[in-house]
Amino acid sequence: VADLKLEGIEDLIAEVEKLGAKGSRIENQALREAGEIVRQAIKQEAPQRTGTLKKSIETSGVKTKDGVKHVEVGPDKEGWYGKFVEFGTVKMKANPFMARGYENSKDRAVDKIAEELRKGLGL
């Protein structure tokens with residue numbers, strides 16, 4: 001699981017957290033928007049033979065683990081074999097399409113989070 005660090009926008013996050021429930025909604029929206037950017041990038045990198053894997057790339061709802069909110073992006077149950085494509089097998093070379101998609105989109109995702117937080121704060 002890739003971990004996207006949000007360095008440089010701690011002040012924005014602190015201000016949003018002061019808003020309580022409204023701030024939580026702003027955070028959730030920001031995460032969903034950023035997740036969509038990453039989803040599109042991974043989908044673009046996914047190899048296509050039948051199209052099932054590409055179609056299976058989804059963004060989860062907002063989850064919280066150890067007090068940290070996040071979304072997960074990757075294949076759903078239809079694309080269960082995506083992990084074999086990503087990491088390879090003894091008979092198949094790895095094709096890290098998820099890692100490439102993440103790398104290609106992570107800066108845009110962070111920018112989108114900052115944009116959504118500012119928008120939510122009326123800045």
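Contact here means heavy atoms within 4.5 Å. This is a predicted model, in which local features need pLDDT of at least 70 and side-chain atom pairs count only at pLDDT 80 or more, while totals for chains, interfaces and linings use all residues. Residues are numbered from 1 along each chain as its sequence is written, and side-chain values use heavy atoms, with hydrogens and water left out.

Q: Which residues is Glu116 in contact with, leaving aside its neighbours within four places in sequence?
A: Glu116 has its place in helix H5, where helices (H or I, at least four residues) and strands (E, at least two) are DSSP runs numbered from the N terminus. Leaving aside neighbours within four places in sequence, the residues in contact with Glu116 are Ile26, Gln29, Ala30 and Glu33.

Q: Is Glu116 buried or exposed?
A: Buried means under 20% relative accessible area, exposed means over 50%, and partly exposed lies in between (1.4 Å probe, protein chains only). Because the relative accessible area of Glu116 is 6%, this residue is buried.

Q: Why is H2 described as roughly antiparallel to H5?
A: Axes are lines fitted to C-alpha atoms, for helices over the stretch in contact, and angles run from 0 to 180 degrees between N-to-C directions. Angles under 35 degrees count as roughly parallel, over 145 as roughly antiparallel, 65 to 115 as roughly perpendicular and the rest as oblique. Helix H2 (residues 21-45) and helix H5 (residues 97-121) have axes 7 Å apart and pack at an angle of about 155°. That angle makes H2, relative to H5, roughly antiparallel.

Q: How many nonpolar, polar and charged residues does the contact of H2 with H5 have?
A: Ala, Val, Leu, Ile, Met, Phe, Trp, Tyr, Cys and Pro count as nonpolar, Asp, Glu, Lys and Arg as charged, and the others, Gly among them, as polar. By these classes, the contact of H2 with H5 has 14 nonpolar, five polar and eight charged residues.

Q: What is the handedness of the crossing of H1 and H5?
A: The axes of H1 and H5 come within 10 Å and cross at roughly 40°, and the two helices are therefore oblique to each other. A crossing is left-handed if the near helix is turned anticlockwise from the far one by less than a right angle, and right-handed if clockwise. For H1 and H5 the crossing is left-handed.

Q: Which residues of H1 and H5 make their contact?
A: By class, this contact has six nonpolar, no polar and two charged residues. From H1 come Leu12, Ile13, Glu15 and Val16, and from H5 come Ala114, Leu117, Arg118 and Leu121.

Q: What is the C-alpha to C-alpha distance between Phe97 and Gly120?
A: Phe97 is found in helix H5, and at 0% relative accessibility it counts as buried. Not counting residues up to four places away in sequence, Phe97 touches several residues, including Ile42, Leu53 and Val85. Gly120 is 23 residues from Phe97 in sequence, and their C-alpha atoms are apart in space by 33 Å.

Q: What is the phi of Asp66?
A: Most residues other than glycine have a negative phi. Asp66 is in the loop between strand S2 (63-65) and strand S3 (68-70), and it is exposed, with a relative accessible area of 73%. Its phi is positive in a residue other than glycine, with a value near 55°.
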